[in-house]
Amino acid sequence: MEIKFSNKTFFLCFFLLIIATMAMTGEGLKFNKKTGEFKIVQVADMHYADGRSTGCLDVFPNQEATCSDLNTTDFLYRVFRAENPDLVVFTGDNIFGFDTTDPVKSMNMAFAPAVALKLPWAAILGNHDQESSLSREGVMRHIITLPHTLSRLNPDGSEIDGYGNYNIEISGPEGSPLVNKSVLNLYFLDSGDYSTVPSIPGYGWIKPSQQVWFQKTSSRLQKMYKSAPHAQKESAPGLVYFHIPLPEYSSFDSSNFTGVRQEGISSASINSGFFATMVEAGDVKAAFTGHDHLNDFCGKLTGIELCYAGGFGYHAYGKAGWSRRTRVVSALLEKTTDGQWGGVKSIKTWKRLDDQYLSTIDSQVLWSKGPTGRRKKSPSPTPA
């Protein structure tokens with residue numbers, strides 16, 4: 001039987017297809033036209049399981065009877081309402097597969113606050129998300145069906161390792177000259193779970209195919225930003241999110257980072273070279289991970305800030321008396337000489353604690369531009 005569509009029906013379907021495509025690619029995310037700000041809340045290691053019936057780890061004895069996954073949910077609502085973020089990023093171990101009766105229900109509960117508040121959100125996988133009845137692909141396939149998510153399974157047309165490799169472009173404010181350009185680029189990568197190479201023990205790593213995709217994507221975005229109309233001289237800053245820290249996170253001690261390091265760096269046992277790939281790309285200003293719940297520091301290495309978020313979830317290991325926490329990142333635009341919003345001027349970060357006051361700690365500038373559009377440098381020493 002032949003089915004005929006009216007012009008009205010055709011254009012309606014076409015419009016809905018455009019809307020769906022925009023939702024998948026992150027189009028529509030813009031800096032605030034009044035404040036010139038874009039704010040991201042990072043949630044690391046929720047370790048969600050079965051809700052009220054799931055107990056907490058590493059809390060004081062007098063808290064155990066009333067503590068469950070619902071404390072994680074309450075913390076999400078508190079942070080989201082206090083910060084009102086433009087985007088929420090969940091950086092893996094969103095659920096704890098071993099203790100999850102139904103991974104679909106667990107994911108639905110874990111992401112429920114972002115969905116209920118209609119916040120745009122993105123997620124990547126950790127090493128525990130798939131340890132129930134769903135594979136890593138199955139977990140990611142469910143995530144991308146949930147409301148208000150910008151998560152994607154993988155880039156279209158690319159043969160790539162893992163699940164959840166994608167990018168999101170944040171454009172200039174409505175009415176600004178850069179409204180059709182991405183002034184802040186976000187990259188998300190699947191850092192895997194465990195090594196599949198018998199001779200290499202330990203955790204997974206970001207594979208060559210993923211690094212090639214990242215390089216091509218970064219290069220394309222930089223070229224677009226520097227092209228007409230409104231060609232820019234400098235690249236738009238990039239931020240990278242993945243779960244398992246790189247070996248380079250071991251480069252710091254208390255003298256050269258902000259935050260705390262209370263446990264070892266649980267990176268892969270080999271160095272896949274992704275840090276060098278980020279440096280060579282030239283646009284990355286900071287990378288953000290989870291995985292090690294008791295570390296929450298940021299340290300700068302070769303021009304890139306390497307940051308932990310600190311553990312968020314109550315069914316995740318932690319430390320009694322050391323508050324669960326989240327990392328907030330705020331990018332601010334500069335004003336041009338004619339009073340318009342321009343490119344990103346600075347990127348700042350702080351952490352929120354799940355204490356009585358929802359305390360803000362460790363505010364710091366991760367990156368800033370000088371008056372010529374170049375990154376600020378320390379003054380050169382005076383020649384002798």
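Mentor: Helix axes are lines fitted to C-alpha atoms over the stretch in contact, and angles between them run from 0 to 180 degrees between N-to-C directions. The model discussed here is predicted.

Trainee: How are helix α2 and helix α3 oriented to each other: roughly parallel or roughly antiparallel?

Mentor: Helix α2 covers residues 69–83 and helix α3 residues 103–116, and their axes lie 9 Å apart at an angle of about 25 degrees. Angles under 35 degrees count as roughly parallel. The two helices α2 and α3 are therefore roughly parallel.

Trainee: Which residue of β9 is the bridge partner of Lys300?

Mentor: Strand β8 (residues 298–301) and strand β9 (residues 304–308) run antiparallel and are joined by four bridges. The two strands form a hairpin with two residues between them, and Thr302 in the turn has a positive phi of about 50 degrees. In β9, the residue bridged to Lys300 is Glu305.

Trainee: Is Ser346 buried or exposed?

Mentor: Ser346 belongs to strand β11, residues 341–353. Apart from neighbours within four places in sequence, Ser346 contacts Ser330, Ala331, Leu332, Trp367 and Ser368. A residue counts as buried under 20% relative accessible area. Ser346 has a value of 7% and is therefore buried.

Definitions and conventions: Residues numbered from 1 in each chain as written. Predicted model: local features only at pLDDT ≥ 70, side-chain atom pairs only at ≥ 80, totals over all residues. Heavy atoms only, no water. Parallel < 35°, antiparallel > 145°, perpendicular 65-115°, else oblique. Pairing = 2+ DSSP bridges. Buried < 20%, exposed > 50% of the residue type's maximum accessible area, 1.4 Å probe, protein only. Contact = heavy atoms within 4.5 Å.
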